[in-house]
Amino acid sequence: MRQEKSSCSCSILDSSQALGGLWLCAENESFPKIEDIITRMQDDKTGGVPIRTVKSFLSKIPSVVTGSDIVQWLMKNLSIEDAGEAIHLGSLIAAQGYVFPISDHVLTLKDDGTFYRFQAPYFWPSNCWEPENTDYAIYLCKRTMQNKARLELADYEAENLARLQRAFARKWEFIFMQAEAQVKIDRKKDKTERKILDSQERAFWDVHRPVPGCVNTTEMDIRKCRRMKNPQKVKKSVYGVTEESQPQSPVHLPSQPVRKTTKEDFRKQITFLNMQIERHCLKMSKVAESLIAYTEQYVEYDPFITPAEPSNPWISDDAALWDIEMSKEPSQQRVKRWGFSMDEVLKDPVGRDQFLRFLESEFSSENLRFWLAVQDLKKQPLQDVTTRVEEIWQEFLAPGAQSAINLDSHSYEKTSQNVKDPGRYTYEDAQEHIYKLMKSDSYARFLRSNAYQDLLLAKKKVYVGKDMLPSPSTS
Amino acid sequence: MDQTFLAIVFGPCDKCSKNKPLRPVSVKSEQRSYCSLCVEMMATEGLHENETLASLKSEAESLKGKLEEERAKLHDVELHQVAERVEALGQFVMKTRRTLKGHGNKVLCMDWCKDKRRIVSSSQDGKVIVWDSFTTNKEHAVTMPCTWVMACAYAPSGCAIACGGLDNKCSVYPLTFEKNENMAAKKKSVAMHTNYLSACSFTNSDMQILTASGDGTCALWDVESGQLLQSFHGHGADVLCLDLAPSETGNTFVSGGCDKKAMVWDMRSGQCVQSFETHDSDINSVRYYPSGDAFASGSDDATCRLYDLRADREVAIYSKESIIFGASSVDFSLSGRLLFAGYNDYTINVWDVLKGSRVSILFGHENRVSTLRVSPDGTAFCSGSWDHTLRIWA
């Protein structure tokens, strides 16, 4: 598809549009919601905003509503407690192009007497407008033909026009003619109607060619754009312009092909559903208790809820908290956490070390060392796996192994089979078995041990070899 | 089926590889040796050929109904009802503590380093930057050969980063501290998909990477060799996000996609073990609850939801009438009590996970919030936005 290239840097030639311009997005779930809000807002029967004609100086301003009326309506009808939130939402609705200030190109909502007007459904973003620069050129050209002070081009618009004139130098005559035609059509309309339509048209362009520095709300997330809603849709012009150069059948890039569900798909579904039905699930009440219990246990460790001691580095600009954590001396709070579950001890390098030392002191560290070795195995690059599997076998499982672990015969046999085809999951079974064993045996002993209890009560220092001076208990 | 046969041979079955007594069978005009179980299965499979698409469909439908019935029996109470007895949270004062400026275009993704202060971020213009967000200094920067770098991740060792996007690949860059570091030179291409890379994460090792793609699949890769270790098929559309289970022993992860489904996978077998489909639109973000028993999701339907794995169902919805733009990114505070969610309406909403209410709304970004992660020690969270900046909040 031959794309109209222009050196016009007026806003929207970003990558999502530059790629052929037919990115129709399935992304905007918010459009129907906004449209519902806008429709309700304009419904005078059900408490909509007061839309009036306001008399000003020498003329009348038709069909306007104040910013504060909109804010009030949003707060009341969408249960918004904070005016700031309502202003933010209103500004977004304006930025999307559904409502606009009549005297400003910048699409934002103010909580005051500023006048706003509702956008015509013709111009709604949900119509998937992607107006070409030719349309924009026609629009700006048309504006210069209307000799009215208040319709004068803003600086950025004048700059845009100049750029477009350079870019479309060769077809400017065509553009000029189109603009003239538009002016003729407009002149035929009723004065009041014209005022309204002119403003709505301007607001449309404020969305698609925003004031420099303003957010361009037509920018799309490229991941969503790849799924075309209307692949056969011909690019439409705001002013009904069809040029010879504009192709009728647009090219669209392949999206995910929608496959029809096959028998195999259904069989898989059936197997999966049967598996789910067999699954033993917990009651909601139990699940709720468990979730609550977890958060209650960890709430004192959550810096967002319980302020970190000595301070949160991000707030105090002091990294003391991190320095303390790096030191080998764990705080009582940290030691307490090791008692929550074996995973906590295994997760914390200092905890792991303490656990290992304790087991070594009892000459029963082979289980933990095996578990750690298998964890390490899973972290290896593929090419080193076979060697490591063999090493682990020799050290922990082979007959006469130096650190023989205690596996039941079933697990042992399964593992010996697995070893013949070594992989990262060779020892998965054995590891699970040893994990359960440690949990009920070694871990429980560790928590009861003097080594752990002393740390918990801050009686001893961690370093081995230093004088074991009892430190004053802080509890 | 009554089978009496002479055991001619004892050995590995041609179908299931188990050592059993075998008998000869003809499979598609070829001679094979199957064990009796596999012979049985083969016979009943033949019956399947007579099943029509319609009968299978109705069987699936009736099973779905049965499953719903079974699950409903366990639905005796709502989470927020039980949570009524929990103490309400106080007022929060969360502010932007750092603003990271340096990207020239939309920030799409970020990840924390285990050191709790460094982060990696990627943007639409192809730039990937590593920051010490505590000092706001940029430490490394590389420009990818593609635009829209939608995924980036920090290696557990802190010595490498991974990233990718429209190039359909995931590449690993080692981080060095040489004076004239040329990151691009040491680049290693690891993953290859057939559509954009939407998410990537190292497992608990620098040696494996898990990826999600617009091609509808997830995959696990060996970094050294670039070999595909396991692929995960099941999503009916683009996969947009993934998160690894936090367990020390776990081998599972959850993914979310444009098919509105969240799926939990067994990394070993490649099988989907649980599936959830209650969102009304694309799932942009999934994140495990810190215990690993549940996960949250953020979607274009403007809601966030909590799914519990033990109950096998959705257990909470986080939504408001006034929130009408999609949630792009979610993460939990350390205790799981708070859920931070970034939205396409430029705000961040903070939810009370147990009670289901919104605790706070944070303004600051000037365009969509596209990515959000809580730091490893939970002292802060970082948000990235289409306004080109990243913010650290605490």
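This is a predicted model: local features need pLDDT of at least 70, side-chain atom pairs count only at pLDDT 80 or more; totals for chains, interfaces and linings use all residues.
A crossing of two helices is called right-handed if the near helix is turned clockwise from the far one by less than a right angle, and left-handed if it is turned anticlockwise.

Take helix 2 and helix 3 of chain A, residues 30-41 and 67-77. Their crossing is right-handed. The two pack at an angle of about 110°, and their axes are 11 Å apart. Angles from 65 to 115 degrees count as roughly perpendicular, so helix 2 of chain A and helix 3 of chain A are roughly perpendicular to each other. On the helix 2 side, the residues that meet the partner are Ile37(A), Arg40(A) and Met41(A). Helix 3 of chain A brings Ile70(A), Trp73(A), Leu74(A) and Asn77(A). Sorted by class, this contact has 5 nonpolar residues, 1 polar and 1 charged.

Next, helix 17 and helix 20 of chain A, residues 366-378 and 428-440. Here the crossing is left-handed. The packing angle is about 140°, with 10 Å between the axes. Which word describes how helix 17 of chain A and helix 20 of chain A lie to each other? Over 145 degrees would count as roughly antiparallel, and this pair is therefore oblique. Among the residues of helix 17 of chain A in this contact are Phe370(A), Trp371(A) and Val374(A). Those from helix 20 of chain A include Ile434(A), Tyr435(A) and Met438(A). The contact divides into 9 nonpolar, 3 polar and 2 charged residues.

Val389(A), Trp393(A) and Leu397(A) of helix 18 make the contact with Tyr412(A), Thr415(A), Ser416(A) and Val419(A) of helix 19. Of the residues in this contact, 5 are nonpolar, 2 are polar and none is charged.

Now the two chains together. The contact takes 92 residues from chain A and 115 residues from chain B. The size of an interface is often given as the accessible area lost when the parts come together. Between chain A and chain B the buried area is about 9100 Å², and carbon and sulfur atoms give 61% of it. In chain A, the residues that lose the most area to chain B are Met284(A), Phe304(A) and Trp314(A), together 11% of what that side buries.

How many salt bridges are there between chain A and chain B? The count is 7, while the structure over all chains holds 45. Side chains of opposite charge can pair when their charged atoms come close. One salt bridge is between Glu85(A) and Arg358(B), at 2.7 Å from N to O. Glu85(A) lies in helix 4 of chain A and Arg358(B) in strand 28 of chain B, so this pair joins two chains. Another is formed by Arg98(B) and Asp317(A), at 2.9 Å.

Two backbone details to finish. The peptide bond from Glu309(A) to Pro310(A) is cis, with omega near 0°. Pro310(A) sits in the loop between helix 11 and helix 12 of chain A. In chain B, Lys116(B) has a positive phi of about 70°, although this residue is not a glycine. Lys116(B) is in the loop between strand 5 and strand 6 of chain B.

Technical notes:
Residues are numbered from 1 along each chain as its sequence is written. Chains are lettered from A and ligands numbered from 1 in the order in which they are written. Side-chain values use heavy atoms; hydrogens and water are left out. Contact means heavy atoms within 4.5 Å. Helices (H or I, at least four residues) and strands (E, at least two) are DSSP runs, numbered from the N terminus. Ala, Val, Leu, Ile, Met, Phe, Trp, Tyr, Cys and Pro count as nonpolar, Asp, Glu, Lys and Arg as charged, and the others, Gly among them, as polar. Buried area is the accessible area (1.4 Å probe) that two parts lose on being put together, summed over both. A salt bridge is a side-chain nitrogen of Lys or Arg within 4 Å of a carboxyl oxygen of Asp or Glu. Axes are lines fitted to C-alpha atoms, for helices over the stretch in contact, and angles run from 0 to 180 degrees between N-to-C directions. Angles under 35 degrees count as roughly parallel, over 145 as roughly antiparallel, 65 to 115 as roughly perpendicular and the rest as oblique.
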